[in-house]
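Please describe the packing, pairing and backbone geometry of the model shown here, with the cut-offs behind each term.

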Amino acid sequence: MNERVAQLAAQLSERELDALLVSNPENRRYLSGFTGSAGYLLVTPQRQFLFTDSRYTEQAGSQSPHFEVVRMKAGLGWLLDALKETGVRRVGFESDNMTVASYNRTLDAIRDEEELGETSLIATTGITDELRAFKDKEELAQLQKAIDASDRAMEQVCPTIEAGMTEKEVAWKMEAAMRQFGADSISFNTIVAAGPNGAMAHHRPSDRAIQAGEPIVIDMGARVGGYCSDLTRTVVVGEPDEMFHRIYNIVLGAQLTAINTVRPGLTGEECDALSRDIIAEAGYGDNFGHSLGHGVGLAVHENPRVGPRAENVLEPGMVFTIEPGIYLPGWGGVRIEDIVVLGEEGTKALSKAGK
């Protein structure tokens with residue numbers, strides 16, 4: 001049993017569960033090391049199964065030596081057999097991931113088996129996700145590689161952006177550069193939002209030509225070894241005007257305040273307020289509509305939550321983004337984002353691209 005599975009087994013005991021059926025792809029990879037695109041885990045304190053189809057059984061055996069690899073065939077016999085072998089009764093499932101149709105199909109199959117008459121499916125949420133919020137040394141090393149790839153791409157491409165280039169052209173240059181600097185893939189669709197398009201926090205790059213003097217919001221990420229980066233910078237081709245300087249300095253001040261003052265023990269909501277209050281006091285509270293940040297790891301958005309009404313407590317070992325923004329319809333936007341890791345005394349910024 002590896003350390004992550006041992007931690008999960010302890011969680012099962014606390015929740016009075018005999019087993020957990022894992023369907024979330026990132027959770028499956030986190031617990032087992034298996035990188036294939038199809039499969040389930042059944043984790044009990046005594047035995048751990050990895051179910052996958054014929055495409056991946058050999059790969060699963062190599063990547064997941066602590067798991068019993070079982071080949072999935074049509075129907076749910078592979079799961080029913082494991083439930084019978086282990087004798088588990090209270091089986092948790094990931095309610096945030098399993099569809100209603102899959103749940104009903106699984107429940108019907110269990111009810112049709114006389115030997116499983118006492119077996120029940122219990123909805124769970126966040127068990128493995130809470131473990132993933134804390135990053136170990138190996139995870140931090142992979143994260144840093146992804147962060148370095150996006151940092152270097154940002155530093156290389158930004159000086160080459162010229163008036164007349166389209167948003168799509170800049171996005172492609174960024175994606176190609178991330179690959180050049182070691183990315184396995186991008187971690188999400190790159191955002192390049194120039195001028196008024198920057199007022200839309202998640203604008204899709206278009207054929208609009210970039211104009212001199214307007215703000216350009218660039219939000220991008222690399223994936224290395226399964227781990228994601230997430231980086232945003234706002235730049236200008238040519239000379240920025242007074243409006244840009246004013247909005248940029250408010251956002252930068254709000255971001256640096258949060259990075260430099262957040263401490264373990266604060267809730268996600270309290271961390272969010274460190275930046276949000278500054279933006280509100282400057283008169284732009286209604287123009288900062290999203291959360292200050294989010295956890296990042298195997299998924300580009302994961303625990304911990306960092307935003308209004310986020311009651312979770314931030315603890316050492318957690319990795320998350322800090323990304324305040326101001327968005328003004330008809331003018332554009334400014335967002336600045338870095339990934340930080342929280343330590344005993346405060347944060348360390350893992351992103352290094354110039355601001």
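In this predicted model, helix H7 (residues 137-157) packs against helix H8 (residues 167-180) at an angle of about 130°, and their axes are 8 Å apart; the axes are lines fitted to C-alpha atoms, for helices over the stretch in contact, and angles run from 0 to 180 degrees between N-to-C directions. That angle makes H7 oblique to H8, given that angles under 35 degrees count as roughly parallel, over 145 as roughly antiparallel, 65 to 115 as roughly perpendicular and the rest as oblique. Helices (H or I, at least four residues) and strands (E, at least two) are DSSP runs, numbered from the N terminus. On the H7 side, Ala149, Ser150, Ala153, Met154, Gln156 and Val157 meet Lys173, Met174, Ala177, Met178 and Gln180 of H8, where contact means heavy atoms within 4.5 Å. By class, the contact of H7 with H8 has seven nonpolar, three polar and one charged residues, with Ala, Val, Leu, Ile, Met, Phe, Trp, Tyr, Cys and Pro counted as nonpolar, Asp, Glu, Lys and Arg as charged, and the others, Gly among them, as polar.

Three strands form an open antiparallel sheet in the order S8-S9-S12, two strands being paired if DSSP finds at least two bridges between them. The edge strands, each pairing on one side only, are S8 and S12, and the twist averages 15° from one strand to the next. S9 and S12 pair in the antiparallel sense over six bridges, and Val217 stands opposite Thr234 in S12.

| S8 | 191-194 |
| S12 | 231-236 |

The structure holds 17 salt bridges, each a side-chain nitrogen of Lys or Arg within 4 Å of a carboxyl oxygen of Asp or Glu. In one of them, the side chains of Glu85 and Arg47 meet at 3.0 Å, N to O. Glu85 lies in helix H4 (residues 77-86) and Arg47 in the loop between strands S2 (40-43) and S3 (48-52), so the pair ties together parts that are 38 residues apart in sequence.

Most residues other than glycine have a negative phi, and most peptide bonds are trans. Glu16, in the loop between helix H1 (3-14) and strand S1 (19-22), has a positive phi of about 60° although it is not a glycine. A cis peptide bond, with omega of about 5°, joins Asn303 and Pro304, and Pro304 is found in strand S14 (residues 302-306).

Residues are numbered from 1 along each chain as its sequence is written, and side-chain values use heavy atoms, with hydrogens and water left out. Local features need pLDDT of at least 70 and side-chain atom pairs count only at pLDDT 80 or more, whereas totals for chains, interfaces and linings use all residues.
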